Amino acid sequence: MLIIYIALAWAAGIILTERLIEDVSGLSFILIAGALIGLWIRLYIAPERSTVSRLSLLLLWFCAGGLWLNFNRPVQDDRHVAHFNGEENVVLEGVIRDEPIEMDTFTRVRLDVDVVEFQNRRQGARGDVLVTLFTDEPLEYGDLLRVRGLLLPPPELDTFSYNEYLARSGVFSIMSTDTVSILDRNEGSPLRAVLLDIKGDARKFIEDALPEPQSGLLVGILLGDESRLSEDVEANFNTTGTSHIIAISGFNMTLIAGVSSAVMMALLRRRTAAVIISLIVILIYTLFVGAGAGVVRAAIMSGLLIVGPLVYRRTYVPASLAAAAIAMSFLNPYVLWDIGFQLSFAAVMGMAILTPPGDRWLRAKMQSAFGDETGVTLANWLSEPLIVTLAAQLATLPIILHYFGQVSPISPLANFLIIPGQPLILVFGALGTLISFISPGIGELFYQVAWLFLTYTIETVRVLADAAPTVNLGIPVVVMWVGFSLLIAYVILNAKRPLWWEDLWREQRMWRPVVQYAPLVLGLFLLAGIGQRLVNQPDDKLHVIFLDMGHSNSVLIRTPDGGAMLIDGGRFPSRLLTVLGDYLPPNKENIDVLFVTGDETIDALPDVMERYDVQALVYNPLQGEVQPAYRTVLDDIDNKIPAQVGWRVRTGDGVEIEIVAPDGAATSMVLRLTYGDAVFLFTSDLRSSQEEILLVKPHLVQANVLQVANHGALRTNSDIWIDTVNPQVAVLQSDPASSQNPTEETVMAGFEDRRLFRTDEDGVIEIVTDGDTLEIISSE
């Protein structure tokens, strides 16, 4: 158990140094001196005090971790290529130091730079650059390249620090270019080049024998290369929580070793020999697929899990994982921040800790329901797809929620359905590949069997992805670390079993209600959390919702990726807040953009701003005396932009809103929303005189959906205006109790040949579009 404490101290030193201390040397020497004094006291002054020596030892490891990280910090000296960040026409010469990633339209390589040319000056340099190359030239590991382009630092994304992520691997610069030439070949490690050539041949055998997407999936499962999969197929696996089978992971490695172990056990009847052969299989497989850092990590993690049954101690797997974590972080301290390392570590820990009790529970239930013999057979068949997979998913769930903020409710069912076929895919895919090196014709026969299960996997995932949405359920980092701290504490206490721990569990009366009702309470919390995040979640479609605010204009826009924009708000706060609650996700706490077109019908907005965080305000810059609500809204929002003709709001999911007016004498604010082929025109209180001004630019007012201007009042929405806009659908926001409510004899005659919806008759009007077709939903 001491190794676990040492690993925790070592990791704590690395993490705290990276987070809090720029130069740890001075502080570490002070702490090391204190630890050495503590050890001296333990050895010569108070030898009976074992706690003193243990704390001193852990303090030494804590300092060692901090010093080791400090020693391995990436250094940007005068020769580092990052000094040229922000410069154009920079020429780099360097060697591709890892396998190129080939996508449909580009190839991405990590270039180990030796020479930089800038402003006709050539000089030696060092450092790695992540280069995106738009070229059809085939590139290989070890190629010496010459590239030219704009050198930039990695960007800071909204929800992810790409800069920090690459910096931990020693990359401080990126470049995108189509200017590339190959100066030489075979400049890398000969052994790694041979391994990658073998991997390339294996990929070619698979692609020659199988169509897409089956070949792309088998290449991902067998060789760890996901680049051949289409975005749609990969998205389906992500949506159903089954993406772990695509890449080479601890789970896949365990499957490979498990299959070989089962075969060897059947042949040799000796567990030790079967485990040794399984480890050899993992080693050969690791070399076969290129021995990349992620593959080696997965091999170590799965190897520990396989050897575990030979050592009949509860502490073996946790202690071995701790030793592996020390070894990996010694080679690269920044591996502790690697998402792949964290997922592999958690998955193996979860399978080691949760699988045995889960398996015992399953066997007991199966034997109770179906008898001893049939129950054991069913339990053996269900254990891997159900218990092992669920154990790995539960252990990795906090990491997935923290980094990706999404979880698939259908993931357990998807894994249960497809996991039984994965060993067969691996066996027949691997045999087909190995035999193809001797006889491609015979190898193709094995690929055909693999095709059957690949097709089953793809179609199952496709159907489930269409049936189940992804739930947004992000958690703070502190929750993730608290969860893992509790898991580690449980592992330590369960292995050491101090007297107070044993006494605690002997008090069955006290713990029985906790054990009995804890799953129910946790289930209710989980159900409530998932339920909230299933309501009004993004569905890759645009939702334009004309709110029923009486004789007021108010439109809510939900973008395909979940953004929220609001146009005006009406007079009644409780009414607006209720409708927003009905049409926004319960966990939505902000309005991304608020458009204020005037000052007459926005009395409800100050109350909305107390409940929702408004990220940006685009307002009509009115002159003269204005209503108090208008002034309140402007004063309370810092990020505000006065509307200007031609100004556009663009979102990352393809929605664009252009300001058509105010423009000179046309003082009303008019907005034109475009998403694909769907166009909406929001006219607010546009008057007839202002219609004439906008008709000069007919291309700016043509739309599929028109908001009827000024609530359909007299002398508005002229025939020429309607004919120029030429809408398929018109929406009128009006109040049946208003004396200004339009009648069929007035302006409404202009819409008699078009689909007209009215909030005073149809309630809230929601128009949903994928950019091509329109779906209209009314609340009445």
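Analyst: Happy to! A residue is called buried under 20% relative accessible area, exposed over 50% and partly exposed in between, using a 1.4 Å probe and protein chains only. This is a predicted model, where local features need pLDDT of at least 70 and side-chain atom pairs count only at pLDDT 80 or more, while totals for chains, interfaces and linings use all residues. Residues are numbered from 1 along each chain as its sequence is written, and side-chain values use heavy atoms, leaving out hydrogens and water.

Now the rings. Those of Phe, Tyr and Trp (its six-membered ring) pair if their centres lie within 6.5 Å; planes under 30 degrees apart are stacked, over 60 edge-to-face and the rest tilted. Searching the whole structure gives 8 aromatic pairs. One of them joins W68 and F330, and it is stacked because the ring centres are 4.5 Å apart with the planes at 0 degrees. This pair links distant parts of the chain, 262 residues apart: W68 belongs to helix 3 (residues 50-72) and F330 to helix 11 (residues 316-331). Helices here are DSSP runs of H or I with at least four residues, strands are E runs of at least two, and both are numbered from the N terminus. W68 is partly exposed at 22% relative accessibility, and F330 is partly exposed at 42%. Elsewhere, ring pairs connect F546, F680 and F682 into a cluster.

I276, in helix 9 (residues 271-288), is partly exposed because its relative accessible area is 44%. T107, in strand 3 (residues 107-118), counts as buried because its relative accessibility is 8%.
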